[in-house]
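Trainee: I am new to this structure. Can we go through the terms used for it and see what backs each one?

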Amino acid sequence: MSETRRKLTTIFSADVQDYTRLMQVDEERTLDTLNQYRDAMRRLIEAHAGRVINTWGDGLIAEFSSVVEAVRAAIDVQHELAGYNAKRLNDARMLFRIGINLGDVIAEGDDIYGDGVNVAARLQASAPPGGIVISSTVFDQVRNKLTVGFDYLGELSLKNIEGGIASYAVRIGEDRGSGPQRPSLQPGQPPHHDHLRRIQTQAHPEPLPFRRARFGVLATVAAGIAAINFLTWSGYFWAAWPLLAFAALAFGLWVRTTRLDRFVAMLAMVGFVLLGINLITWSGTFWAAWPLLAFAVAGSIRWFTRQRSGVRS
């Protein structure tokens with residue numbers, strides 16, 4: 001019997017979108033296409049020092065010792081398969097979905113088992129056709145090492161996986177007519193990464209300049225309101241209320257883009273608003289202390305629970 005052991009590895013899971021429909025249309029053509037595409041995937045995986053563990057039906061499982069190389073392999077796979085699909089009719093195209101997870105697994109012989117594998121498979125199932133979805137454990141390792149964009153998907157509820165999994169979609173293409181166009185790999189071309197250098201690394205779906213512009217507009221309007229209040233001063237600082245509203249709006253925009261746990265971030269925003277109301281209507285009693293204490297306790301419980309379950313906030 002093979003010895004079992006535990007190890008930390010990067011799991012690459014892929015399958016075909018609408019495989020059953022493709023088989024119903026033309027079984028022989030679909031099988032030939034699957035074999036051709038899977039051969040290309042195997043070649044690219046091995047070129048990135050990965051190892052194909054298993055293939056069954058339309059699926060493929062591979063592992064990598066390097067998280068960065070796993071994501072690079074996935075990007076090259078999707079680019080090369082896109083080149084193949086461009087030469088086919090729509091009903092003959094085969095689109096793969098890829099999920100990547102870094103996790104602890106049980107290794108037995110050449111096979112791996114465990115929740116780490118299951119999470120990768122569930123991430124793959126949530127990826128769009130021709131797309132890549134990675135877990136937060138992968139994102140934390142590659143975000144400063146790959147010049148591609150990432151869209152935060154929030155915490156995905158994955159079947160048979162307890163708790164949500166913070167996930168990111170890898171940007172492997174841009175909308176038509178927007179932004180710089182990346183050269184794509186041609187079928188059979190060795191993997192390269194020159195096409196990645198022109199894309200700015202982003203951790204959130206909204207480009208950084210637009211996020212800064214929104215905050216800049218809010219700050220400008222708030223400053224204008226405060227100036228009007230002081231120029232028409234009559235002994236009452238009425239601008240405090242619209243300024244609080246603008247601050248809450250800015251906080252809300254930050255919550256939408258932060259990688260922090262959304263529940264904790266929302267508690268912080270509500271606590272900030274209550275604190276502002278308490279200060280504006282100050283009558284000698286710091287009544288906001290009680291809800292702030294409750295929010296702090298709830299946020300701490302949430303944080304410790306997630307740390308224990310191994311999910312980063």
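Mentor: We will take ring pairs, then salt bridges, then a surface patch. Keep in mind that this is a predicted model.

Trainee: Why is the pair of tyrosine 37 and tyrosine 84 called stacked?

Mentor: The ring centres are 5.4 Å apart, and pairing needs them within 6.5 Å. The planes stand at 25°, and under 30 degrees counts as stacked, so this pair is stacked. The pair links distant parts of the chain: tyrosine 37 is in helix α2, tyrosine 84 in helix α3, 47 residues apart. Both tyrosine 37 and tyrosine 84 are buried.

Trainee: What makes phenylalanine 230 and phenylalanine 237 a stacked pair?

Mentor: The centres of phenylalanine 230 and phenylalanine 237 lie 5.7 Å apart, with planes at 25°. Those values meet the limits of 6.5 Å and 30 degrees, so the pair is stacked.

Trainee: Now the charges. How do you know that arginine 43 and glutamate 80 form a salt bridge?

Mentor: Their N to O distance is 2.3 Å, and the rule asks for within 4 Å, so the contact qualifies. Arginine 43 is in helix α2 and glutamate 80 in helix α3, so the bridge ties together parts 37 residues apart in sequence.

Trainee: Why does glutamate 80 count as buried?

Mentor: Its relative accessibility is 0%, and buried means under 20%, so glutamate 80 is buried. Arginine 43 has 33%, so it is partly exposed.

Trainee: What makes arginine 171 and aspartate 151 a salt bridge?

Mentor: The closest N and O atoms are 2.7 Å apart, within the 4 Å limit. Arginine 171 lies in strand β8 and aspartate 151 in strand β7, so parts 20 residues apart are tied together. Arginine 171 is buried at 16%. Aspartate 151 is partly exposed at 21%. The count comes to 8 salt bridges.

Trainee: Which residues make the nonpolar surface patch?

Mentor: Ile228, Tyr236, Trp238, Trp241 and Ile280 form that patch of about 480 Å². Tryptophan 241 sits in helix α7.

Trainee: Why is tryptophan 241 called partly exposed?

Mentor: Its relative accessible area is 36%, between 20% and 50%, so tryptophan 241 is partly exposed.

Terms used: Residues are numbered from 1 along each chain as its sequence is written. This is a predicted model: local features need pLDDT of at least 70, side-chain atom pairs count only at pLDDT 80 or more; totals for chains, interfaces and linings use all residues. Side-chain values use heavy atoms; hydrogens and water are left out. Patches are made of residues with over 30% relative accessible area and no salt bridge: like charges are joined within 9 Å, nonpolar side chains (Val, Leu, Ile, Met, Phe, Trp, Tyr) within 5 Å. Accessible areas come from the Shrake-Rupley method with a 1.4 Å probe; for residues, only the protein chains shown count as cover. A salt bridge is a side-chain nitrogen of Lys or Arg within 4 Å of a carboxyl oxygen of Asp or Glu. Helices (H or I, at least four residues) and strands (E, at least two) are DSSP runs, numbered from the N terminus. Buried means under 20% relative accessible area, exposed over 50%, partly exposed in between (1.4 Å probe, protein chains only). Rings of Phe, Tyr and Trp (its six-membered ring) pair if their centres lie within 6.5 Å; planes under 30 degrees apart count as stacked, over 60 as edge-to-face and the rest as tilted.
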